[in-house]
Amino acid sequence: MSLTRSLLIAAALLLAGTAYATEVSMAGGSVGFSTPDGWVSIMETQGDPEVRVFQVPDPSPTAASSLARVTVTVKQISDLAAFEQYVANARERAKSLTGYQAAGNPYGPNSYAYTASENGAPYRYSERYWFANNHAIQLRCARPASSQAGAAWAASFDKGCDTVAASLAR
């Protein structure tokens with residue numbers, strides 16, 4: 001059996017056991033958002049914090065060594081000061097990543113973009129934060145800085161992140 005065929009079979013088996021997401025509810029229904037069709041829910045935790053992770057499929061060979069993903073984390077907090085501390089702690093964790101380079105806050109207040117290395121490969125990250133219903137909400141989008149899928153795939157990934165952000169900001 002060829003390596004390509006083996007990889008295709010493995011991918012098909014992996015996808016057979018995963019769920020595709022569209023409408024997502026977290027924190028007992030107090031936080032909801034929509035994801036683009038085709039994103040694969042790959043991890044979900046309950047409790048506090050509650051986390052959902054989605055893989056954004058990369059159709060190129062780049063995907064064999066990288067994982068493009070979007071994570072939504074919801075943590076119960078008491079007030080605005082606790083939210084500000086939550087954001088500050090998350091930023092400090094980001095700054096500790098190998099090769100961290102800030103890229104500004106392109107989406108306004110409580111948003112940050114940066115690059116860092118992941119398994120030796122350059123990644124582009126964007127993080128956005130909201131305080132709603134006594135919850136800190138973090139949207140973290142992480143993708144390879146370049147993919148063999150090309151600029152159209154990267155633009156589609158970024159547009160998907162914007163879609164999730166828009167639905168979280170409602």
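How many disulfides does the structure hold? The structure holds one, a disulfide being a pair of cysteine sulfur atoms within 2.5 Å. The model is predicted, so local features need pLDDT of at least 70 and side-chain atom pairs count only at pLDDT 80 or more, while totals for chains, interfaces and linings use all residues. Residues are numbered from 1 along each chain as its sequence is written, and side-chain values use heavy atoms, without hydrogens and water.

The disulfide joins Cys-141 to Cys-161, with 2.3 Å between the sulfur atoms. Its S-S torsion is about -135°, so the disulfide is left-handed. The pair links distant parts of the chain, 20 residues apart: Cys-141 lies in strand S10 (residues 135-144) and Cys-161 in helix H3 (residues 151-168). Helices (H or I, at least four residues) and strands (E, at least two) are DSSP runs, numbered from the N terminus. Cys-141 is buried, at 2% relative accessible area. Cys-161 is also buried, at 1%. Buried means under 20% relative accessible area (1.4 Å probe, protein chains only).

Helix H3 has 18 residues. Its buried residues include Trp-153, Phe-157, Cys-161, Val-164 and Leu-168. They pack against S3, strand S6 (69-76), strand S9 (121-132) and S10, contact meaning heavy atoms within 4.5 Å.

Strand S3 (residues 31-34) pairs with strand S2 (residues 23-26) in the antiparallel sense, over four bridges. Two strands pair if DSSP finds at least two bridges between them. Gly-32 in S3 is the bridge partner of Ser-25. Four residues lie between the strands of this hairpin, where Ala-27 takes a positive phi near 55°.

Definitions and conventions: Buried < 20%, exposed > 50% of the residue type's maximum accessible area, 1.4 Å probe, protein only. Expected span 1.5 Å × (residues − 1).
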